[in-house]
Structure formats: structure tokens, C-alpha cells
Amino acid sequence: MASESRLYTFSGETKDHLRKFRLSTSRAKDPQAVIYMIDKNTHEIRQALDDYDEARVYKSLDEIGEDLPDHTPRFVLLSYPLTTSDGRLSVPYVLLYYLPITCNAEMRMLYAGAKELMRSTAEAGGVIDVESVEDLEEIPEKLANK
């Protein structure tokens, strides 16, 4: 991971946001997610902005799907509350690695190289690969079976 940490950077503000988001979602009653991107010129990993140039917290998988680009990878940090088979509340915190099959090789390599660094920096419990917006529908089932 040493070589990845030299290639990719996080601003202090981004690291603070990652920590605060993880801590604030640990007891959440509703799904919460944030989308991150890599600036291909500077290799800085930062929160993606919505159409209004604002960072936002998503409250459903449908909302996430609406803002994921068709041909560009993204990292999505997701806190998804669910009830276990024995009735306990569980709030898995995972990294969704969105890698559409239509993205170019350069972007694939850029995001593949940062995947583990993003997971460890965000302190996510695991990684779920997502190839299309339709794959988001399967996330609750995948989390329940982990």
C-alpha cells in the first residue's frame, strides 16, 4: 500500500469527512452514502459533487443510482441498516466499487490502484463490486449474507 499512498492523495478535509461520516452512520436508522471520485490530473480522492456543485449524503440506493455516471468509476461509502435473522439491528459500513463495463482502460487502472487505499482510509468493513446501477438492487441481499 505504500506505493498507492504516494500516488493518490486525500486532503485533510476529506480525511476528516471520511472519519466523521463513518462515526455518524454507525447507529443510523436509514441508509446513508457518499460518492467519491479520483481527479485524474492530480490523483486526489475527494467527494464527488452533484449537479449543483454540492457534496451530498444519499438516503437511498435509488438516489445513488441517479448520480452515478454511465462510463466513469466511483467509490461509494455506504452505511446500510438491516435487521439480522435473530432480530438485531446491524449497520454494515462498506465500500461499493462502481466500475461500469463501459469505462475506458485508463480509468479502470486509476480506480483499481486506489481501491484498497480507499477502503482502508475510509475504514470500511468490506468491498462490494458493482458494474451497473441495476446491481445496486442486490446490495441489501449481499449485505444480509455477509
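This is a predicted model: local features need pLDDT of at least 70, side-chain atom pairs count only at pLDDT 80 or more; totals for chains, interfaces and linings use all residues.
Residues are numbered from 1 along each chain as its sequence is written, and side-chain values rest on heavy atoms, with hydrogens and water left out.

Helices and strands were taken as DSSP runs (H or I of at least four residues for helices, E of at least two for strands) and numbered from the N terminus. A residue is called buried under 20% relative accessible area, exposed over 50%, and partly exposed in between, with a 1.4 Å probe and protein chains only. By these criteria strand 1, which spans residues 32-38, is mostly covered, seven of its seven residues being buried. In a regular strand the side chains alternate between the two faces of the sheet. In strand 1, Q32, V34, Y36 and I38 point one way, whereas A33, I35 and M37 point the other way, and all of these residues are buried.

Two strands are said to pair if DSSP finds at least two bridges between them. Strand 1 pairs in the antiparallel sense with strand 3 (residues 74-79) over five bridges, and within this pairing I35 has V76 of strand 3 as its bridge partner. Strand 1 also runs antiparallel to strand 2 (residues 45-47), to which three bridges join it, and here Y36 stands opposite Q47 of strand 2. Strands 1 and 2 form a hairpin with six residues between them.

Strand 6 (residues 93-98) is likewise described as mostly covered, with six of its six residues buried. Strand 6 is joined to strand 3 by six bridges in an antiparallel arrangement, in which F75 stands opposite Y97. To strand 7 (127-130), by contrast, strand 6 runs parallel, with four bridges joining the two, and Y98 has V130 of strand 7 as its bridge partner.

Attention then turns to the backbone angles of two loop residues. Most residues other than glycine have a negative phi, and most peptide bonds are trans. H43, which is found in the loop between strand 1 and strand 2, has a positive phi near 65° although it is a residue other than glycine. E123, found in the loop between helix 4 (105-122) and strand 7, has a positive phi of about 60° and is not a glycine either. The relative accessible area of E123 is 47%, and E123 is therefore classed as partly exposed.

Side chains of opposite charge can pair when their charged atoms come close. With a salt bridge defined as a side-chain nitrogen of Lys or Arg within 4 Å of a carboxyl oxygen of Asp or Glu, the structure holds eight salt bridges. One of them links the side chains of R46 and D39, with an N to O distance of 3.7 Å; R46 is partly exposed at a relative accessible area of 26%, whereas D39, at 18%, counts as buried. Another salt bridge is formed by R119 and E116, whose closest N and O atoms are 2.8 Å apart. Because R119 and E116 are three residues apart in helix 4, about one helical turn separates them. R119 counts as partly exposed at 22% relative accessibility, and E116 counts as partly exposed at 43%.

K142 forms a salt bridge with E138, the closest N and O atoms being 4.0 Å apart. K142 is partly exposed, with a relative accessible area of 33%, and E138 is partly exposed at 39%. Salt bridges that share partners also join R56, E63 and D67 into one network.

Finally, D62, E66, E134 and E137 gather on the surface in a patch of negative charge. Such patches are made of residues with over 30% relative accessible area and no salt bridge, like charges being joined within 9 Å and nonpolar side chains (Val, Leu, Ile, Met, Phe, Trp, Tyr) within 5 Å. Within this patch, E134 lies in the loop between strand 7 and helix 5 (139-144), and at 53% relative accessibility E134 counts as exposed.

Conventions
Accessible areas come from the Shrake-Rupley method with a 1.4 Å probe; for residues, only the protein chains shown count as cover. Lys and Arg count as positive and Asp and Glu as negative; His and the chain ends are not counted. The place of a charge is taken as NZ of Lys, CZ of Arg, CG of Asp or CD of Glu.
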